[in-house]
Amino acid sequence: SQVSVEEESQNPPAVGHWKPLMPSRGDREEPESGCQDAGGVHEPQSTEQLNVSRLRSSSVEIREKGSEFLRDELHKAQKELKLKDKECERLSKVREQLEQELEELTASLFEEAHKMVREANTKQAAAEKQLREARGKIDMLQAEVTALKTLVITSTPSSPNRQLHPQLQSPSKAGFRKGHGRNKSTSSAMVSAASQNVAPEPASRECKEVDSILFAEFQAWKESPTLDKSCSFLDRIYREDVGPCLDFTKQELSELVRVAVEQNTLTIEPVASQTVPVGKVAAEECGGPKKCALSGLPRTCKHRIMLGDSGNYYYISPSCRARITAVCNFFTYIRYIQQGLVRQDVELMFWEVMRLRREMSLAKLGFYPSEM
């Protein structure tokens, strides 16, 4: 600004008097007088020019300062705009990330909801199936309880029903069993001699006496009935009756039969009632109508067994069936006692247990009814 002032002071602009467009007479004479007074007017004109130059320099300086201020403000605004752009970009990225996470969370929630619905449907189907099975078992147990009540009412150890127990009938009524035939001439002679010389006598009643040890063990078990064979009552029966009765030649299959009897999952059915399944097990394992799967001996097998829901059938001889049935009858009766379905005197229940033990012993020795 100082340089511009000096230049302007060195080269002063031409400043003169204003000349009107239409000069008058007095104006024509002014130059002469101006020329005369030129030496006196020069000094005020230079002062005026200096003031004008100063005004011009100050205005230029003001413009420069204003432009610098505006440039600074512009730079500040640009910086703030860049910061805001970066913040907007960051916020947009955060928004996209949140939207993606929200979509993933929504998808996972829907998937979890569908999974829970599927599990609920599966549990509901299983519960309905268990309900149907439970109702079927209840119906079966009610039928068994009714039959047991009938058996208890009509047959007791002191006065057994001989129609329900044909083995207790007298020889004259029961006759000779099949499979134990004798020589016809000898047997007819013995029968005729007996009919001539000996009068028919009533069948003698059994004499019974309670064993104190066995009865004490049964009473202790009756206080808290359980199927755990570690108690003294069941441990003795397992050792003396159940174990020997279910001890067959085929040891592996015998163990499976014992477990199925204990778990009440063994099924016995006549051979003629169902068709023989194909491709289940080998013929040597399941036996056949002419071979027993438990003893391995050639016998006529009228029944077969199935262990649980395996679908494998095993043909068994009448003797093996009698042994298995005797053990099943024992377990059924003690289950009834455990469930509180038998309401008898302790001594009557004890003698029923002893009768079932006797059936197991007889079946182990090879005695079985002819209808087997």
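Helices α7 (232-245) and α10 (residues 318-338) pack at an angle of about 155°, their axes lying 9 Å apart. The two are therefore roughly antiparallel to each other, a term for angles over 145 degrees. Axes are lines fitted to C-alpha atoms over the stretch in contact, with angles running from 0 to 180 degrees between N-to-C directions; helices are DSSP runs (H or I, at least four residues) numbered from the N terminus.

On the α7 side, L234, I237, Y238, V242, P244 and C245 meet R323, V327, F330, F331 and I334 of α10, where contact means heavy atoms within 4.5 Å. By class, this contact has 10 nonpolar, no polar and one charged residues.

## Basis of the model

The model is predicted, with local features requiring pLDDT of at least 70 and side-chain atom pairs pLDDT 80 or more, while totals for chains, interfaces and linings use all residues. Residues are numbered from 1 along each chain as its sequence is written, and side-chain values use heavy atoms, leaving out hydrogens and water.

## Cavity

A search of the whole structure finds one cavity of 30 Å³ or more; the largest cavity has a volume of about 40 Å³. A cavity is a set of points on a 1 Å grid over the protein atoms alone where a 1.4 Å probe fits but cannot get out, and lining residues have an atom within 4 Å of a point. The volume is the space filled by probe spheres set on the points.

L214, E217, F233, R236, F350, M354 and R357 line the largest cavity. Two or more lining residues come from each of α6 (212-223), α7 and α11 (346-365), and the largest share, three residues, belongs to α11. The lining comprises four nonpolar, no polar and three charged residues; Ala, Val, Leu, Ile, Met, Phe, Trp, Tyr, Cys and Pro count as nonpolar, Asp, Glu, Lys and Arg as charged, and the others, Gly among them, as polar.

How values were computed:
On a 1 Å grid over the protein atoms alone, a cavity is a set of points where a 1.4 Å probe fits but cannot get out, and a pocket is an open set with protein on both sides within 12 Å along at least five of seven lines; lining residues have an atom within 4 Å of a point. Angles under 35 degrees count as roughly parallel, over 145 as roughly antiparallel, 65 to 115 as roughly perpendicular and the rest as oblique.
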